[in-house]
Amino acid sequence: MSSSACFVTQEATKEILLRVTNVCGECYDDLCLGDTVHYDMQNYRFLCDCCQKKLCSMMNKECEIIYDEVEPNLFC
Ligand SMILES: [Zn+2]
């Protein structure tokens, strides 16, 4: 289980999908009701599960993305 202080993980609700976003902020994939979504507190956007995992693995403890070590390919 990958959890991170940089994200708030929650289930996509109607309210999120209608009022905030219905696409991932990174890959623009559709988010669906009941999907696991992650609020990115650094960039104020919602991410899909896949992008959150990728970003998480590139982040240091300060939630900064380290681009040098990983190819910056964030598409799922
Ligand atoms: Zn995504």
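Trainee: Which atoms coordinate the zinc ion, and at what distance?

Mentor: Donors are N, O and S atoms within 2.8 Å of the metal (3.2 Å for Na, K and Ca), and water is not among the atoms, so sites may look incomplete. Here the zinc ion is held by the SG atoms of C24, C27, C48 and C51, at 2.3 Å. One caution on the source: this is a predicted model, in which local features need pLDDT of at least 70, side-chain atom pairs count only at pLDDT 80 or more, and totals for chains, interfaces and linings use all residues. Residues are numbered from 1 along each chain as its sequence is written, and side-chain values use heavy atoms, with hydrogens and water left out.

Trainee: What geometry does the site of the zinc ion have?

Mentor: Four donors count as tetrahedral if all angles lie between 85 and 135 degrees; four count as square planar and six as octahedral if opposite donors are over 155 degrees apart and all others between 65 and 115; anything else is irregular. The angles among the four donor atoms of the zinc ion are 105 to 116°, and the site is tetrahedral. Along the chain, the donors have the spacing C-x2-C-x20-C-x2-C. C27 sits in the loop between α1 (14-20) and β2 (36-40), while C51 is in helix α2, so this pair ties together parts 24 residues apart in sequence.

Trainee: What is the order of the elements from the N terminus on?

Mentor: Helices (H or I, at least four residues) and strands (E, at least two) are DSSP runs, numbered from the N terminus. The protein has two helices and three strands, in the order β-α-β-β-α.

Trainee: Is C51 buried or exposed?

Mentor: Buried means under 20% relative accessible area, exposed over 50%, and partly exposed in between (1.4 Å probe, protein chains only). C51 is buried at 1%, C48 is buried at 11%, and C27 is buried at 15%. In the protein, buried residues are 33% of the 76 residues.

Trainee: How many disulfides does a search of the whole structure find?

Mentor: A disulfide is a pair of cysteine sulfur atoms within 2.5 Å. The search finds one, between C6 and C63, with the sulfur atoms 1.9 Å apart. The link is left-handed, with -85° about the S-S bond. C6 lies in the segment before β1 (7-11) and C63 in the segment after α2 (49-58), so the pair ties together parts that are 57 residues apart in sequence. C6 is buried, at 4% relative accessible area, and C63 is buried too, at 12%.

Trainee: Which residues touch the most other members of the largest nonpolar core?

Mentor: In soluble globular proteins, nonpolar side chains tend to be buried together. A nonpolar core is a set of buried Ala, Val, Leu, Ile, Met, Phe, Trp, Tyr and Cys residues joined through side-chain atoms within 4.5 Å. The largest core has 17 residues, and F7, C24, L31, L47, C48, C51 and M59 touch the most other members. Elements giving two or more residues to this core are α1, β3 (45-48) and α2.

Trainee: Where does Y28 lie?

Mentor: Y28 lies in the loop between α1 and β2. Its phi is near 60°, a positive value in a residue other than glycine. Y28 is exposed, at 59% relative accessibility.
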